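Thanks for making time this morning.

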Amino acid sequence: MCLYTNNLNSILEHINSPKDLKSLHQKDLGQLAIELREFIIDIVSVKEGHLGASLGVVELTIALLYVFNTPVDKLIWDVGHQAYGHKILTGRKDIFDTNRQFGGISGFPKMKESEFDAFGTGHSSTSISALLGMALSAQLQGKIERQHIAVIGDASIASGMAFEGLNHAGVTNANILIVLNDNAMGIDPSVGALKKYLTNVKTGTAKEENIFECLNFHYTGPIDGHDLPLLVQQLKQLQKIEGPKLLHVITTKGKGLQKAEENQVTYHAPGKFDRQTGELQKKNGAVEAPKFQDVFGKTIVELALKNEKIVGITPAMPTGSSLKYMMEAIPERAYDVGIAEQHAVTLAAGMAADGLIVFCNIYSTFLQRAYDQVIHDVALQNLPVIFCLDRAGLVGEDGPTHHGVFDIAYLRCIPNLTIFSPLNEMALRNIMYTAQLGLDHPIAIRYPRGRGKTLNWQLPMKKITIGKGEILKKGTKIAIISTGPIGNMISDMLIDLDEPDEIAHYNFPFIKPLDSVLLKEILQNFEHIITIEDGSSINGFGSAVLEFANIVGINKIIKIFGVPDNFITHGNTQKLYKKAGIDKMSVKKYVQQFL
Ligand SMILES: Cc1ncc(C[n+]2csc(CCOP(=O)(O)OP(=O)(O)O)c2C)c(N)n1
Ligand SMILES: CC(=O)[C@@H](O)[C@H](O)COP(=O)(O)O
Ligand SMILES: [Mg+2]
């Protein structure tokens with residue numbers, strides 16, 4: 001049955017699955033693209049989320065779902081932040097307003113959420129390997145008709161992992177189609193030699209040999225990724241060709257919303273905006289405490305202006321990490337290396353080995369990808385790289401792919417590495433200052449997404465003693481030991497409580513080395529000890545305290561508040577703290593039973 005309708009404004013209304021989409025006349029697809037774009041803008045303008053990337057692939061999404069036979073054919077969206085159109089057209093239109101909200105659908109493809117989400121994503125550059133895995137599996141299992149398609153962006157394909165996938169795929173006869181969605185942007189402008197090459201291909205100035213053909217791919221392109229009839233035609237043709245194929249499409253990030261096209265960095269994930277004008281929603285004008293990322297970004301400039309040996313590195317997150325301030329002020333010493341966390345870490349190691357003072361800023365969750373480099377290239381050689389791990393803790397709406405809750409657990413077991421979690425903005429500044437004065441070891445400084453508490457934070461920096469904790473409040477019966485900014489929540493809770501004299505509060509910014517003198521004193525003087533952190537309760541800060549108690553042979557009740565042993569969902573951070581049981585109420589309830 002053909003779903004053609006004379007009321008052209010309501011095509012999307014009728015599309016609840018790719019089956020409905022496939023029953024449209026091809027000439028109606030253009031109208032569907034208009035409606036899909038409007039729908040995405042409507043929802044994201046009020047519910048927030050990733051905007052530009054999804055707007056850019058509206059036509060591509062429609063064409064892929066129109067031509068291929070999903071979910072039998074496998075379709076993988078790399079990173080997945082551009083998959084909103086895919087979600088809307090694959091049965092989630094009516095619940096799309098719950099996107100990224102607590103209890104709602106995920107902002108990324110998720111296998112459990114839909115059979116149309118062939119593979120869960122969130123971290124970039126995984127699609128080619130996963131797709132190849134499925135295609136080789138199809139060969140082994142005799143699923144010879146099945147098609148396998150991955151959509152990967154120009155920034156993500158420049159990552160090592162994507163190249164590893166291409167390198168393997170090129171010597172197989174696996175039936176895969178890689179759609180390279182080239183908009184010349186990551187979150188920030190794409191960087192690197194491959195970007196230059198792709199630009200040359202687009203402008204017709206590339207040398208004769210095509211890089212993808214050299215890797216044994218059947219290459220098509222570059223074609224206009226907003227030309228729906230052309231996309232449909234090309235995809236239908238490629239459907240008939242066996243083996244590894246790459247279709248190079250050119251798109252505009254933010255397509256269809258003028259402000260988003262003009263300011264692609266801001267509109268990657270713009271927050272709330274006016275859906276008609278695209279104008280960002282104005283803040284209420286109140287003076288706010290700074291974001292931790294800006295404390296990092298402004299402090300490194302301050303330090304680097306005085307110390308020529310300081311360099312900064314970010315793997316593709318200049319805006320998110322605020323290293324952009326240094327890239328503007330001292331471009332020759334600030335490097336955006338693209339989505340290349342492993343390279344970023346070993347690059348830092350090389351620079352540190354040659355005497356530079358290196359601040360390597362990586363989101364906690366993305367450092368997971370460079371674990372071996374941290375151990376083998378930095379810690380084993382005891383190179384004093386200064387890792388600044390932004391987005392540590394529960395990050396909110398991005399959810400489990402992005403929560404920075406494992407870093408303490410995966411770093412704590414690495415010899416030579418110091419781990420520090422600042423209570424506030426000044427502590428972050430002071431540790432950055434101290435680290436650049438010269439440390440004997442590498443250090444990981446972990447701090448959260450969002451704002452701190454201090455308005456007047458650009459004070460002169462002070463050297464701090466490595467491995468020192470501090471008492472924030474005296475008490476007689478219970479000792480609460482916190483690490484990081486979650487300590488501020490404990491201070492607030494103590495103000496709320498009726499009998500605060502019984503509770504002492506200690507701040508342990510150094511997770512490693514622990515302040516053994518102070519900790520021994522606490523273990524000796526209190527019957528009941530509570531630790532709290534915004535990371536995994538397994539092998540976290542609390543575990544370190546338990547291990548220490550065991551080593552010194554002091555047997556006390558030690559209660560650990562940390563993120564439990566499961567993947568925490570997405571949503572507003574307050575709700576997530578509650579879900580993880582590390583919110584104010586949960587701690588208060590626990591403490592009150594002993595007062
Ligand atoms: C391993 C990893 N590093 C960094 C990121 C953060 N990140 C998310 S999207 C993105 C840019 C992706 O650019 P591209 O692949 O070109 O897709 P586009 O947004 O242009 O569609 C980055 C760096 C990530 N998700 N995963
Ligand atoms: C898709 C992705 O990985 C990024 O866009 C991420 O969502 C950025 O997170 P922040 O908003 O915390 O910078
Ligand atoms: Mg891109």
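What we have here is a predicted model, and the predictor gives the complex an ipTM of 0.99 together with a pTM of 0.97. For the protein, the mean pLDDT is 96, with 98% of the residues at 70 or more. The stretch to treat with care is residues 1-8, where pLDDT stays under 50, although the model does have 14 contacts there beyond four places in sequence.

Turning to ligand 1, we find 22 residues around it, and the closest are S124, G153, A155, S156 and G186. By class, that shell holds ten polar, eight nonpolar and four charged residues, and at least three of its residues come from each of domain 1 (8-268) and domain 2 (292-446).

Ligand 2 has around it H50, V79, H81, I187, A269, G320, R391, V395, D398 and R449, which divide into four nonpolar, three polar and three charged residues. Because domain 1 (8-268) and domain 2 (292-446) both contribute residues to this shell, ligand 2 lies between them.

Lastly, consider V171, which sits in the loop that runs between α7 (160-169) and β3 (176-182). Is V171 buried or exposed? V171 counts as exposed, because 10 other C-beta atoms lie within 10 Å, and the cut-off for that class is 12 or fewer. The C-alpha atom of V171 is separated by 9.7 Å from that of G243, a residue 72 positions away along the chain.

Notes. Residues are numbered from 1 along each chain as its sequence is written. Chains are lettered from A and ligands numbered from 1 in the order in which they are written. This is a predicted model: local features need pLDDT of at least 70, side-chain atom pairs count only at pLDDT 80 or more; totals for chains, interfaces and linings use all residues. A residue is near a molecule or strand if its C-beta atom, placed from the backbone, lies within 6 Å of it. Ala, Val, Leu, Ile, Met, Phe, Trp, Tyr, Cys and Pro count as nonpolar, Asp, Glu, Lys and Arg as charged, and the others, Gly among them, as polar. Domain bounds come from an automatic or database domain assignment. pLDDT is the predictor's confidence in each residue, from 0 to 100. Two residues are in contact if their C-beta atoms, placed from the backbone, lie within 7 Å. Helices (H or I, at least four residues) and strands (E, at least two) are DSSP runs, numbered from the N terminus. A residue is buried if 20 or more other C-beta atoms lie within 10 Å of its own, exposed if 12 or fewer, and partly exposed in between; C-beta atoms are placed from the backbone.
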